[in-house]
Amino acid sequence: MKMSQSGLLVLKVFLEHASAPIYGYTLMQAAGISSGTLYPLLARFEAEGLLTSAWETSDPAKAGRPRRRLYRMTAHGTRVATEVLSQLRGGVLV
């Protein structure tokens, strides 16, 4: 699977937070990428079966903010991410 540096960063964040769903802003901060880079990656990863997503169930009025879309890595995504990241050599990804 061909993967950009940004894609690798996003996969790394998902592996580091595998136990909980993550929303976009957290991913942007953790991976250090912009929304214009992140959201196309998330859409591609979801289409490839690496991620699933769903809207959070909390009431936006009670939360005092818009609903968040939560992303979670699938078992297939975990296998792919682990494989792709393990193939890196020479400290390409910090």
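**Serine 53 and its partners**

The side chains of serine 53 and arginine 69 are joined by a polar contact of 2.9 Å, that is, a pair of N or O atoms within 3.5 Å, where within protein one must be able to donate a hydrogen and the other to accept it, and residues adjacent in sequence count only if both atoms are side-chain atoms. This is a predicted model, in which local features need pLDDT of at least 70, side-chain atom pairs count only at pLDDT 80 or more, and totals for chains, interfaces and linings use all residues. Residues are numbered from 1 along each chain as its sequence is written, and side-chain values use heavy atoms, with hydrogens and water left out.

- Serine 53 lies in strand β2 (residues 51-55); strands (E, at least two residues) and helices (H or I, at least four) are DSSP runs, numbered from the N terminus.
- Its relative accessible area is 17%, so serine 53 counts as buried (under 20%, against over 50% for exposed and in between for partly exposed; 1.4 Å probe, protein chains only).
- A polar contact of 2.9 Å also links the side chains of serine 53 and glutamate 46.

**Leucine 85**

- Leucine 85, in helix α5, is buried, with a relative accessible area of 17%.
- Leucine 85 and histidine 17 are 68 residues apart in sequence and 15 Å apart in space, C-alpha to C-alpha.
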